[in-house]
Amino acid sequence: MFVLVNLKTYPCDPIEVAEAVRDVNESTDARVAVAPQATNIAQVAETGAETWAQHVDPIDYGSNTGHTLAETVADAGAVGTLINHSEQRLKLADIDGTVQAAERADLETVVCANNPAQIGAAAALGPDAVAVEPPELIGTGTPVSQADPDVVEDAVNAARNVDSDVSVLCGAGISTGDDVVAAGDLGAEGVLLASGVAKADDPTAALEDLVEPL
Ligand SMILES: O=C[C@H](O)COP(=O)(O)O
């Protein structure tokens with residue numbers, strides 16, 4: 001299972017979480033990675049944790065003031081990027097352009113989507129993975145894998161019907177090892193989570209609990 005921890009703009013210490021991600025990754029068969037804010041990517045990558053961007057823009061080198069270039073986050077140490085997170089929604093053409101920009105920079109891609117229909121559309125754009133996240137469950141602590149198992153199974157089937165090479169993650173409310181196991185039982189190959197680790201008093205303990213049954 002892939003456990004991708006998105007720090008969003010939570011007021012956590014990204015280095016503390018990154019070091020926990022690095023250490024827990026070394027102690028489990030699961031793959032554990034962290035997506036800090038763009039300004040923290042280089043510092044986080046220096047810890048040795050697998051580091052992802054939360055977003056890059058569908059642009060190339062040039063006159064793009066205020067945008068984030070895929071090559072720049074790759075140079076800073078990121079190996080992948082989220083695209084179209086529920087809190088950073090893009091138009092379809094921009095999702096397509098961002099997948100292409102990320103691939104140009106050799107970044108792995110996870111395209112997020114609200115529901116199985118959108119997952120099918122996202123999978124058709126050829127990312128490495130898609131992540132289904134019902135927005136109403138994000139940040140609630142109520143895991144999608146228990147609250148809405150059908151959405152996970154339907155997302156897995158929707159992606160598989162379009163391109164069986166595209167992995168499916170699920171997210172929203174995931175915070176325990178049981179939640180991760182339930183996601184895997186529904187066909188997900190990973191989980192995308194945030195508050196369960198970023199808001200935890202002890203991020204290492206939270207991560208250890210997430211991977212313990214894997
Ligand atoms: O990127 C992570 C997701 O939005 C899930 O957030 P959450 O784990 O706080 O529900």
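Figure 1. H85 is found in the loop between β4 (80–83) and α4 (92–104). The model shown here and in the other views is a predicted one. With a relative accessibility of 4%, H85 counts as buried. Apart from neighbours within four places in sequence, H85 is in contact with N6, K8, C112, E133 and L192. The side chains of H85 and E133 are joined by a polar contact of 3.3 Å.

Figure 2. The loop between β6 (129–132) and α6 (144–147) holds E133. E133 is buried, its relative accessible area being 5%. Its contacts, leaving aside neighbours within four places in sequence, are H85, A113, N114, I138, G171, A172 and L192. One of these contacts, H85, has its side chain in a 3.3 Å polar contact with the side chain of E133.

**Figure 3. The residues annotated as "active site".** In UniProt, an unreviewed entry gives the annotation "active site" to H85 and E133. The two span 49 residues in sequence, yet their C-alpha atoms are not more than 8.7 Å apart, so they gather at one spot. Of these residues, H85 is included in the lining of the largest pocket. H85 lies in the loop between β4 and α4, and E133 in the loop between β6 and α6.

**Figure 4. The residues annotated as "binding site".** The unreviewed UniProt entry places the feature "binding site" at N6, L7, K8, I138, G173, A194 and S195. These residues span 190 residues in sequence, but no two of their C-alpha atoms are more than 14.2 Å apart, so they gather at one spot. Of these residues, N6 and K8 are included in the lining of the largest pocket.

Figure 5. K8 is located in the loop between β1 (2–6) and α1 (14–26). It counts as buried, at 12% relative accessibility. When neighbours within four places in sequence are left aside, K8 is in contact with A35, Q37, Q54, H85, E87, I138 and A194.

Figure 6. The residues around the ligand are N6, K8, H85, E133, I138, G139, A172, G173, L192, L193, A194 and S195. A polar side-chain atom of E133 is 3.1 Å from a ligand oxygen atom. A polar backbone atom of A194 is 2.8 Å from an oxygen atom of the ligand. For S195, a polar side-chain atom lies 2.5 Å from an oxygen atom of the ligand. The ligand taken alone exposes 310 Å², and the protein buries 100% of that.

**Figure 7. S195 in helix α9.** S195 has its place in helix α9, which comprises residues 195–198. At a relative accessible area of 22%, S195 is partly exposed. Not counting residues up to four places away in sequence, S195 touches Y10, G139 and A200. S195 also has a polar side-chain atom 2.5 Å from a ligand oxygen atom.

**Figure 8. G139 and its approach to A194.** G139 belongs to the loop between β6 and α6. G139 has a relative accessible area of 46% and is partly exposed. Along the chain, G139 and A194 are 55 residues apart, and their C-alpha atoms are separated by 7.6 Å. Leaving aside neighbours within four places in sequence, G139 is in contact with G173 and S195. Both G139 and A194 are listed among the residues around the ligand.

**Figure 9. C12 and its contacts.** C12 is placed in the loop between β1 and α1. The C-alpha atoms of C12 and K199 are separated by 6.9 Å, although the two residues are 187 residues apart along the chain. C12 touches L7, V17 and A198, residues up to four places away in sequence not being counted.

Definitions and conventions
Residues numbered from 1 in each chain as written. Predicted model: local features only at pLDDT ≥ 70, side-chain atom pairs only at ≥ 80, totals over all residues. Heavy atoms only, no water. UniProt positions renumbered as here; feature names shortened; annotations may be inferred. 1 Å grid on protein atoms, 1.4 Å probe; cavity = no way out; pocket = protein on both sides within 12 Å on 5 of 7 lines; lining within 4 Å. Helix = DSSP H or I, 4+ residues; strand = E, 2+ residues; numbered from the N terminus. Buried < 20%, exposed > 50% of the residue type's maximum accessible area, 1.4 Å probe, protein only. Contact = heavy atoms within 4.5 Å. Near = heavy atom within 4 Å. Polar contact = N/O pair within 3.5 Å; in protein donor to acceptor, adjacent residues only side chain to side chain. Areas by Shrake-Rupley, 256 points an atom, 1.4 Å probe, with all protein chains shown as cover.
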